[in-house]
Amino acid sequence: GGGNDMVGDRRLATMIRNPRMEGRRQLGAFEEQLIQMRKTIPSFNEARFRNGLGFIADEFFNFLNVAMVQYFLLFKKLIQLEEYKDMCIITQGYDFVIPTAERRGGPFQRFVNKKMDTGRWLFDALAGKGIVDPQDQKDVMYVLIYEFNEMLIQLVQFTEFKNVFHIDCRGVANEEDWYDELHLNSKKYKEVAETFKLCMRDFRKKQNQKKVYRVNEDFHAGM
């Protein structure tokens with residue numbers, strides 16, 4: 001999943017730029033090449049990606065590179081062990097999370113989030129870097145979630161990782177479908193869970209015809 005790796009301990013703040021103090025990221029050859037690659041994906045929103053990319057620091061791309069190497073070494077080690085060589089390994093990328101200063105949900109949910117100090121992992125980090133416009137905040141997270149998913153998709157495509165698959169949750173949720181900033185409500189989690197079950201069922205029956213399961217497509221197709 002990677003949520004703790006990316007936003008735990010306010011780590012998100014190290015991956016974004018302060019537009020007033022550092023200025024926006026200049027979109028050069030690397031950024032334009034990245035955009036051209038992503039434009040081949042039908043659901044890609046170029047305007048949102050370009051806006052969000054202007055707030056992304058180099059540290060985020062460093063994080064992606066390190067995470068990919070770590071996952072690669074972990075999976076490689078697992079498949080070399082006799083007891084795990086036939087194990088189904090599944091990665092999962094988040095949907096496009098929505099930063100908010102408000103505690104979501106009913107009174108009990110807001111009470112739990114307040115007591116556990118949860119639900120503002122994203123907003124506080126973004127606002128602390130001077131990114132306070134709600135659309136800018138959403139677009140920053142759009143870029144981070146997009147690239148994290150694409151990194152995992154690239155990873156599972158390695159030919160030696162025959163037992164590794166990815167669950168793509170992008171586009172699953174509307175604004176009312178979130179329990180807090182990072183976690184979906186039970187109804188939407190059920191769709192994700194059913195997609196996991198579909199992937200594992202195919203694996204058990206040796207029927208996996210693809211490496212990436214997309215919740216928006218495969219959950220409804222499997223019903």
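Guide: Let us begin with contact, which means heavy atoms within 4.5 Å. Leaving aside neighbours within four places in sequence, Q135 is in contact with R48 and N51. This is a predicted model, in which local features need pLDDT of at least 70 and side-chain atom pairs count only at pLDDT 80 or more, while totals for chains, interfaces and linings use all residues. Residues are numbered from 1 along each chain as its sequence is written, and side-chain values use heavy atoms, with hydrogens and water left out.

Visitor: What makes Q135 count as partly exposed?

Guide: Buried means under 20% relative accessible area, exposed means over 50%, and partly exposed lies in between (1.4 Å probe, protein chains only). Q135 has 38% relative accessibility and therefore counts as partly exposed. Q135 lies in helix α7. The C-alpha atoms of Q135 and G52 are 9.1 Å apart in space, although these residues are 83 apart in sequence.

Visitor: How many helices and strands does the protein have, and how do you know what counts as one?

Guide: Helices (H or I, at least four residues) and strands (E, at least two) are DSSP runs, numbered from the N terminus. On this basis the protein has nine helices and three strands. Their order from the N terminus is α-α-α-α-β-α-α-α-β-α-β-α. Of the 223 residues in the protein, 47% are buried. Among contacts between residues at least 6 apart in sequence, 74% join residues at least 24 apart.

Visitor: Why are α2 and α3 called roughly antiparallel?

Guide: Two packed helices are described by the angle between their axes and the distance between the axes. Axes are lines fitted to C-alpha atoms, for helices over the stretch in contact, and angles run from 0 to 180 degrees between N-to-C directions. Angles under 35 degrees count as roughly parallel, over 145 as roughly antiparallel, 65 to 115 as roughly perpendicular and the rest as oblique. The axes of α2 (residues 29–38) and α3 (residues 46–53) come within 11 Å and cross at roughly 155°. That angle is over 145, so α2 and α3 are roughly antiparallel to each other.

Visitor: Which residues of α2 and α3 meet, and of what classes are they?

Guide: E31, E32, L34, I35 and R38 in α2 meet E46, F49, R50 and L53 in α3. By class, this contact has four nonpolar, no polar and five charged residues. Here Ala, Val, Leu, Ile, Met, Phe, Trp, Tyr, Cys and Pro count as nonpolar, Asp, Glu, Lys and Arg as charged, and the others, Gly among them, as polar.

Visitor: What makes α6 and α7 roughly perpendicular?

Guide: The axes of α6 and α7 come within 11 Å and cross at roughly 110°. This value falls in the range 65 to 115, so the two helices, α6 and α7, are roughly perpendicular to each other. L122, F123, L126 and A127 of α6 make the contact with Q137, V140 and M141 of α7. The classes here are six nonpolar, one polar and no charged residues. The buried residues of α6 (residues 121–128) are L122, F123, A125 and L126.

Visitor: Where is G130, and what does it touch?

Guide: G130 is in the loop between α6 and α7. Just after α6, G130 takes a positive phi of about 85°. Not counting residues up to four places away in sequence, G130 touches N18 and P19. G130 and P19 are 111 residues apart along the chain, with their C-alpha atoms separated by 6.8 Å.

Visitor: How do you know that F49 and Y146 form an aromatic pair, and of what kind is it?

Guide: Rings of Phe, Tyr and Trp (its six-membered ring) pair if their centres lie within 6.5 Å; planes under 30 degrees apart count as stacked, over 60 as edge-to-face and the rest as tilted. By this rule there are 17 aromatic pairs. The rings of F49 and Y146 are 6.2 Å apart, centre to centre, with 80° between the planes, and the pair is edge-to-face. It links F49 in α3 with Y146 in α7 (residues 134–156), 97 residues apart.

Visitor: Why is F49 called buried?

Guide: The relative accessible area of F49 is 0%, which is under 20%, so the term buried applies.
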